[in-house]
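Here is a short report on one protein chain. Look over the sequence and the fold, then read on.

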Amino acid sequence: MGNSHSEEVPNGHFPVCLNVYNTDEPFANTPGFGIFHSGVVVHGTEYTFAGHETSHSTGVFSHPPQKPPPGSQWQFKEQVFIGNTKYTKPQVGQIVDELKRTFIANTYSIVSRNCNHFADALCVELTGKNIPGWVNRAAKVGNTLKKIGLDPTPRTAEPQQPPAPAVATTPEMADLFPYTNAAGVECLNCTSESVARVFAKNKKRGLFSLFTKEEKQFLESDTDEQLLIHVPFTQNVKLNQLQIFAPPTAGNASPKGIKLFANQPSLNFDDVSSCPPAQEFTLPLEAAAEPLVLKVAKFANVNHLTIFVESNYGSATTRIASLALFGVPLASTNMKQLS
């Protein structure tokens with residue numbers, strides 16, 4: 001479908017549009033009371049928010065414009081031009097990354113915190129303008145949903161999504177946070193202050209779900225730029241993807257060189273400098289990093305993951321806001337019971 005607002009406007013600003021979706025269910029198209037899903041399109045990417053009952057990570061994700069996630073009931077209805085933004089694509093990525101910290105998957109509510117609320121928040125950040133009121137009218141009369149037989153849960157309102165952006169919806173892409181032994185996570189060469197913030201203040205959510213609006217909530221290295229993070233699992237898992245997020249203001253303190261090791265829980269800094277890693281990556285200098293796809297053969301049966309942050313972009317210390325791991329649990333073996 002054509003989009004007359006898809007190109008940069010002459011004054012150097014960029015168009016921001018709202019893609020609106022509906023369903024063919026009769027109750028969802030009642031005159032004056034439509035039920036809609038929406039996503040914000042900017043720089044050729046559509047951003048939206050979905051719920052997940054058990055995930056403590058973000059519910060914000062992206063997909064190609066006008067293409068709702070596979071398996072959902074939503075159909076493209078129309079596009080609404082919201083306005084222009086001065087922000088470049090990397091800057092938009094930082095703004096979206098900030099919103100990820102507040103739109104957590106398990107906080108989704110069809111009445112008070114749905115995809116349209118997220119779309120409105122993002123449009124305000126980018127353009128200073130709200131989305132049209134009719135898009136989210138159903139949320140304003142939430143009690144009516146029960147009367148027409150619509151269960152106000154994330155499953156009905158939105159397609160279930162993995163709790164991180166750009167991760168496909170498949171059985172192989174479960175959030176592995178519930179299978180991590182958060183109490184056993186260890187980080188070497190991080191400041192004592194950041195250890196307290198990450199592992200004490202946020203112990204219920206652990207390092208992997210540290211999505212917060214407080215700018216100082218991050219893990220920071222101590223004597224140099226390197227960090228060594230040990231992540232034990234409560235049972236064996238198959239690891240498929242990893243995401244590492246730096247704080248939006250990290251700049252050159254963002255992690256750059258990453259080496260991963262599987263099932264080697266006793267590694268120290270001397271070891272990781274000399275042992276060949278299972279896989280290594282160079283992260284982009286952006287707050288919202290793309291998912292890192294892991295080698296199947298190397299991470300097919302993992303009970304312990306070691307993450308070695310070898311370098312950053314030139315700062316004396318490295319800062320990490322959060323981690324996300326995706327894959328699938330393999331067996332019911334509880335590693336805690338074996339210790």
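How many residues does helix 2 have, and what distance does helix 2 reach from its first C-alpha to its last?

## Helix 2

Helix 2 (residues 115-127) has 13 residues and reaches 18 Å from its first C-alpha to its last. That is close to the 18 Å expected at 1.5 Å a residue, where the expected span is 1.5 Å times one less than the number of residues. The buried residues of helix 2 are Cys 115, Asn 116, Phe 118, Ala 119, Leu 122, Cys 123, Leu 126 and Thr 127. They cover an arc of only 155 degrees around the axis, so they sit on the same side of helix 2. The arc is taken from the directions from the helix axis to the C-beta atoms. Buried means under 20% relative accessible area, exposed over 50%, and partly exposed in between (1.4 Å probe, protein chains only).

The packing partners of these buried residues include strand 1 (14-22), strand 7 (75-85) and helix 1 (89-100). At the start of helix 2, a side-chain oxygen of Asn 114 comes within 2.8 Å of the backbone nitrogen of Asn 116. Gly 128 follows helix 2 and has a positive phi, near 80 degrees.

## Basis of the model

This is a predicted model: local features need pLDDT of at least 70, side-chain atom pairs count only at pLDDT 80 or more, and totals for chains, interfaces and linings use all residues. Residues are numbered from 1 along each chain as its sequence is written, and side-chain values use heavy atoms, with hydrogens and water left out.

## The whole chain

The protein chain has seven helices and 17 strands. Both are DSSP runs numbered from the N terminus: helices are H or I with at least four residues, strands are E with at least two. Of the 339 residues, 52% count as buried.

## Strand 17

Seven of the eight residues of strand 17 (residues 322-329) are buried, so strand 17 is largely enclosed by the rest of the structure. Strand 11 (residues 227-245) pairs with strand 17 in the antiparallel sense over eight bridges. Pairing requires at least two DSSP bridges between the strands. Ile 244 has Leu 323 in strand 17 as its bridge partner.

Strand 8 (residues 174-175) also runs antiparallel to strand 17, joined by two bridges. Here Ala 174 is partnered with Gly 327.

## Positive phi in two loops

Most residues other than glycine have a negative phi. His 43 has a positive phi, near 55 degrees. His 43 is in the loop between strand 4 and strand 5 and is partly exposed, at 24% relative accessible area.

Asn 263 has a positive phi of about 60 degrees. Asn 263 lies in the loop between strand 12 (257-262) and helix 7 (269-274). At 33% relative accessibility, Asn 263 is partly exposed.

Key:
Contact = heavy atoms within 4.5 Å. Polar contact = N/O pair within 3.5 Å; in protein donor to acceptor, adjacent residues only side chain to side chain.
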